[in-house]
Amino acid sequence: MAIQIQNLDLEEQEQLDKLKHFWERWGNLISGVLIVALLGFAGWRGYDWYQSRQAGQASGLYDQVQANAEAGDTTKLASSLKAMQDDYKSTTYAQQANLLAAKVFFEKGQLDQARNALSAAAASSTDKGLQSLARLQLASLLTQQKQYDQAVQQLSTDIQPEFAALAADRLGDVQSLQGKNAEAIKSYTTAFKGIEAGQPYRQMIAMKLTALGVDVSTIDPNFGKQDAAEEAAPAEAPASITAPAASAAASSAAAPASAPASAG
């Protein structure tokens, strides 16, 4: 029995020596990896907490921006917007605040303020959709100010696919104003193809193409046929179905004409 215990002690000692040797060789590396992992987890949790806190505070400040916008007080609006840009520019609330403020500034004729707000929203990639929307609106403002090259730059940078057709249409507007008709036709054609058939906006683009001498039917042979079919459908329907619709349409058409007489 004593021999067996002695053998066991020797085996345990050998295992302990191997473990000690292993830890001397790899212990620092293992400890380092564990520390990095723990710090990474703590950092992630801390960042998550920080983001939640930032979002909550940004939400409260956005409410103030919105209140100032609704009141039309551009002085207070500029102040609350600056606070949003200074402290929470990396949040979606800041992008929304910039877009909202830009609308008010534009309506008040403060174009430089509107441009600054749109530029801030366009510079932020927090929400790519809002960024694209800001670029479209900024391009329109720059076009109005005849800053054509800068407008083209906005329309050619980081536009999300869902806004591509709108960007192409506005690019066509800029090119048309610059007298670049061939390029404008190409842009309008891209926009026309990118808008779903039957959409009113597509009709407007078709008018621009027609004004530049393009036969839209060469782009889409079915263009206009669907609308014509829909207009013809009520005439083929039974009188009992069309009569109420016709009556309602007549009433709607007559309402604006009768309004001035009753007001007088």
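Tutor: A residue is called buried when its relative accessible area is under 20%, exposed when that area is over 50%, and partly exposed in between. In this predicted model, buried residues make up 27% of the 264 residues in the chain. The accessible surface of the chain comes to about 16,900 Å², with 57% of that area belonging to carbon and sulfur atoms.

Student: What elements does the chain have, and in what order do they run?

Tutor: The chain has eleven helices and zero strands, so that from the N terminus on the elements read α-α-α-α-α-α-α-α-α-α-α. Among contacts between residues at least 6 apart in sequence, 50% join residues at least 24 apart.

Student: How do you know that the end-to-end distance of α7 agrees with its number of residues?

Tutor: The expected span is 1.5 Å times one less than the number of residues. For the 14 residues of α7, residues 164-177, this gives 20 Å, and because the end C-alpha atoms are 20 Å apart, the two values agree. Buried in this helix are A165, A167, A168, D169, L171, G172, V174 and Q175, and the buried residues of α7 pack against α5 (128-144), α6 (148-155), α8 (181-194) and α9 (200-211). The helix is followed by G179, which has a positive phi near 80°.

Student: Why is N98 called buried?

Tutor: The relative accessibility of N98 is 3%, and the cut-off for buried is under 20%, so N98 counts as buried. This residue is found in helix α3, residues 92-107. Leaving aside residues up to four places away in sequence, N98 touches L81, Q85, A117, A120 and A121.

Student: What makes the pairing of the N98 and Q85 side chains a polar contact?

Tutor: The distance between the two side chains is 2.6 Å, and a polar contact requires a pair of N or O atoms within 3.5 Å, so the value of 2.6 Å meets the distance cut-off.

Student: How many aromatic pairs does the structure hold, and why is the pair of Y62 and Y93 called tilted?

Tutor: The structure holds two aromatic pairs. In the pair of Y62 and Y93 the ring centres are 6.0 Å apart and the planes stand at 50°; centres must lie within 6.5 Å, and planes under 30 degrees apart count as stacked, over 60 as edge-to-face and the rest as tilted, so this pair is tilted. It links distant parts of the chain, with Y62 in helix α1 (residues 2-71) and Y93 in helix α3, 31 residues apart. Y62 is buried, with a relative accessible area of 16%, whereas Y93, with 28%, is partly exposed.

Student: How do you know that the charged end of R202 sits over the ring of F192?

Tutor: The charged end of R202 is 3.9 Å from the centre of the F192 ring, and the distance cut-off is within 6 Å. The assignment also needs a position within 35 degrees of the ring normal, and R202 is assigned as sitting over the ring.

Conventions: Residues numbered from 1 in each chain as written. Predicted model: local features only at pLDDT ≥ 70, side-chain atom pairs only at ≥ 80, totals over all residues. Heavy atoms only, no water. Helix = DSSP H or I, 4+ residues; strand = E, 2+ residues; numbered from the N terminus. Buried < 20%, exposed > 50% of the residue type's maximum accessible area, 1.4 Å probe, protein only. Contact = heavy atoms within 4.5 Å. Areas by Shrake-Rupley, 256 points an atom, 1.4 Å probe, with all protein chains shown as cover. Polar contact = N/O pair within 3.5 Å; in protein donor to acceptor, adjacent residues only side chain to side chain.
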